[in-house]
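Subject: Structure handover

Hello,

Here is the structure I promised to pass on. Please open it first, then read my notes below.

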Amino acid sequence: MPRSLALAAALAAVLAFTPAAARAADLPIDTVLVRHATPAGLRAALVAWADERSATDPEASGEALYWAGESWFRSDVRDSAILVWERAWARRRGGAEGDALIEARLARRASDDLERARTLILARIEQAKVVSEVDLAYAYGRLAWWHVLAGHPDSAAVLFARHERRLLVPDYPMEWTWRWRIARAEAANDNRMEALQRLVPIAARSN
């Protein structure tokens, strides 16, 4: 048998007896994301993929956990999404899971959610200072929204006024969410006409 064919045969034999789990460990995350037909299967695969890399590649592991959280969130299993995003944040402290966690906790508002959200927001503010002005504005915008929910609308108004220009960039993510939140802050401050004026384009857009 020619040497090249012998080497190929030996390689095929090794691969044939490689445990499936070991081969799975070599899969790129993009392959994991497209391989599974059901959300439950995808989530299980992402968590397993993340756990295999928790010590050797925390960045990739955190990314996988972030996407698992996204899947749970889109399936309206919010508590599980929050739990897995907390794991992702602990593993790599990425902006994606940090912001997702903040929004989910501010929306749920159970037990210590507001306190935990504030801690995350302050951490994201420090991160965003070296990322971009828009990221920083979004972090401060979330702090302003936290103040509305915590019953401090006057502090919220100050922060929203300071960062409104970057929050309301047309066609940017969350533009209309920020418009609604700023209107809510105005209403909480008893600025009813200002709140109404801000709500008019939101109502027009929903028709």
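Arg 105 lies in helix H7, which covers residues 95–108. This is a predicted model, so please read everything below with that in mind. Is Arg 105 buried or exposed? Arg 105 counts as buried, because its relative accessibility is 9% and the cut-off for buried is under 20%. Leaving out residues up to four places away in sequence, Arg 105 touches Ile 82, Glu 86, Asp 112, Asp 113, Arg 116, Ala 117 and Leu 120. Three of those names deserve a click in the viewer: Glu 86, Asp 112 and Asp 113 are among the residues that Arg 105 touches.

Now the whole chain. The protein chain has 12 helices and 0 strands. Along the sequence, the pattern reads α-α-α-α-α-α-α-α-α-α-α-α. The chain holds 207 residues, and 39% of them are buried. Take the contacts between residues at least 6 apart in sequence: 45% of these join residues at least 24 apart.

Two helix pairs come next.

H4 spans residues 39–52 and H5 spans residues 58–74. They pack at an angle of about 160°, and their axes are 8 Å apart. That angle makes H4 roughly antiparallel to H5, because angles over 145 degrees count that way. The crossing of H4 with H5 is left-handed. On the H4 side, the contact is made by Pro 39, Arg 43, Leu 46, Val 47, Trp 49, Ala 50 and Asp 51. On the H5 side, the partners are Ala 60, Ser 61, Ala 64, Leu 65, Trp 67, Ala 68, Ser 71 and Trp 72. By type, the residues of this H4 and H5 contact divide into 11 nonpolar, 2 polar and 2 charged.

H5 also contains Glu 59. Glu 59 is partly exposed, with a relative accessible area of 47%.

H9 runs over residues 133–149, and H11 over residues 175–188. Their packing angle is about 40°, with the axes 10 Å apart. H9 and H11 are therefore oblique to each other. This crossing is left-handed. From H9, the residues in contact are Tyr 138, Gly 141, Arg 142, Trp 145 and Val 148. From H11, they are Trp 178, Trp 180, Arg 181, Arg 184 and Ala 185. The residues of the H9 and H11 contact divide into 6 nonpolar, 1 polar and 3 charged.

Stay with H9 for a moment. His 147 lies in this helix. His 147 is buried, because its relative accessible area is 15% and the limit is under 20%. Which residues does His 147 contact, leaving aside its neighbours within four places in sequence? They are His 152, Pro 153, Ser 155, Ala 156 and Leu 159.

Next, look at Ala 128 in H8, a helix of residues 113–128. Ala 128 counts as buried, at 1% relative accessibility. Ala 128 touches Asp 135 and Leu 136, not counting residues up to four places away in sequence. The C-alpha atoms of Ala 128 and Ala 139 are 7.4 Å apart, and 11 residues separate them along the chain.

Last, two loop residues with positive phi.

Arg 93 is not a glycine, yet its phi is positive, at about 55°. Arg 93 sits in the loop between H6 (78–92) and H7. With a relative accessible area of 43%, Arg 93 is partly exposed.

Asp 171 has a positive phi near 70°, and Asp 171 is a residue other than glycine. Where is Asp 171? Asp 171 is in the loop between H10 (153–167) and H11. Asp 171 counts as exposed, because its relative accessibility is 75% and the cut-off for exposed is over 50%.

Best wishes

Note on methods:
Residues are numbered from 1 along each chain as its sequence is written. This is a predicted model: local features need pLDDT of at least 70, side-chain atom pairs count only at pLDDT 80 or more; totals for chains, interfaces and linings use all residues. Side-chain values use heavy atoms; hydrogens and water are left out. Axes are lines fitted to C-alpha atoms, for helices over the stretch in contact, and angles run from 0 to 180 degrees between N-to-C directions. Helices (H or I, at least four residues) and strands (E, at least two) are DSSP runs, numbered from the N terminus. Angles under 35 degrees count as roughly parallel, over 145 as roughly antiparallel, 65 to 115 as roughly perpendicular and the rest as oblique. A crossing is left-handed if the near helix is turned anticlockwise from the far one by less than a right angle, and right-handed if clockwise. Contact means heavy atoms within 4.5 Å. Ala, Val, Leu, Ile, Met, Phe, Trp, Tyr, Cys and Pro count as nonpolar, Asp, Glu, Lys and Arg as charged, and the others, Gly among them, as polar. Buried means under 20% relative accessible area, exposed over 50%, partly exposed in between (1.4 Å probe, protein chains only).
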